Amino acid sequence: MFDLYTWSTPNGRKVSIALEEMGLPYEVHAINIGKDEQFAPEFLKVSPNNKIPGIIDRDNNLTLFESGAILLYLAEKTGRFHAASGETHWRVIEWLMWQMGGIGPFLGQVHHFVKFNPGKAPYAEERYVKEALRLYGVLDRRLAEVPFLAGDYSIADMATWPWIARFEWQEIDMGAFPNVVRWYCEIAARPAVQKGYKVPDASVEIPMP
Ligand SMILES: N[C@@H](CCC(=O)N[C@@H](CS)C(=O)NCC(=O)O)C(=O)O
């Protein structure tokens, strides 16, 4: 049994999707980051970085923050959606790190400047939109070669997909990225993804291109 500390954001959804995909039971603790609940001392015991997501594994009382670390932990614990060794092991890590270092931080800045503060910082808007388009291009080229980021569906896809689900916020023309659309729709059709997307807010729907 896991405790999941989360909110309705791409980083939070990575973990609820992974827990659903792996069939692991979990109790949801909604941390409303719009109300600064991420700064509550109780939450800091789980996530000292003041950000969701965080988990506690009740089997061993292990606490973990950083979505990439959580996904690796869950994959190792269940032996699913990752490979124990060999090339695929490193492909999963490679694309997971690409998400953590590129897709997450840069698309997050697009949300900040383009969606929520348009017109305030034209240089930042231009810089982050350009980088977003470059990253979508990288993703599209990769997905022209393989069905999923590391070959088979893996935690690297679970990490990346929730960020692409914000393509409207990022003002991305998905028609320009047909391989991304194919991959995105295939993942969106997975029952576990549909369930995990709605944590902790069951009223939302997956945006479709
Ligand atoms: N690198 C972290 C990023 C986590 C993150 O940025 N979480 C956001 C929501 S998506 C958050 O908690 N923001 C609250 C804040 O910045 O105060 C991870 O992947 O877990």
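1. N61 is placed in the loop between β3 and β4 (62-65). Helices (H or I, at least four residues) and strands (E, at least two) are DSSP runs, numbered from the N terminus. The phi angle of N61 is near 60°, a positive value in a residue other than glycine.

2. The model is predicted: local features need pLDDT of at least 70, side-chain atom pairs count only at pLDDT 80 or more, and totals for chains, interfaces and linings use all residues. Residues are numbered from 1 along each chain as its sequence is written, and side-chain values use heavy atoms, with hydrogens and water left out.

3. One joins I52 and P53, with omega about 5°; P53 lies in the loop between α2 (41-44) and β3 (54-57). Another joins V199 and P200, with omega about 0°, and P200 belongs to the segment after α8 (191-197).

4. Around the ligand are T9, N11, K14, I33, Q38, K51, I52, P53, E66, S67 and M100 (a residue is near a molecule if one of its heavy atoms lies within 4 Å of it). By class, this shell has four nonpolar, four polar and three charged residues. Here Ala, Val, Leu, Ile, Met, Phe, Trp, Tyr, Cys and Pro count as nonpolar, Asp, Glu, Lys and Arg as charged, and the others, Gly among them, as polar.

5. A polar side-chain atom of K51 lies 2.6 Å from an oxygen atom of the ligand, and one of Q38 lies 2.7 Å from a ligand oxygen. For N11, an N or O atom of the side chain is 3.5 Å from an oxygen atom of the ligand. The protein covers 76% of the 520 Å² of accessible area that the ligand has on its own (Shrake-Rupley method, 1.4 Å probe).

6. The ligand sits in the largest pocket. A pocket is an open set of points, on a 1 Å grid over the protein atoms alone, where a 1.4 Å probe fits, with protein on both sides within 12 Å along at least five of seven lines; a molecule sits in it if more than half of its atoms lie within 2 Å of its grid points.

7. The whole structure has 11 aromatic pairs (rings of Phe, Tyr and Trp, its six-membered ring, with centres within 6.5 Å). The rings of W95 and W98 have centres 5.0 Å apart and planes at 75°, so this pair is edge-to-face (planes over 60 degrees apart; under 30 is stacked, and the rest are tilted). W95 and W98 are separated by about one helical turn, because they are three residues apart in helix α4 (residues 86-116).

Key:
A polar contact is a pair of N or O atoms within 3.5 Å; within protein, one must be able to donate a hydrogen and the other to accept it, and residues adjacent in sequence count only if both atoms are side-chain atoms. On a 1 Å grid over the protein atoms alone, a cavity is a set of points where a 1.4 Å probe fits but cannot get out, and a pocket is an open set with protein on both sides within 12 Å along at least five of seven lines; lining residues have an atom within 4 Å of a point.
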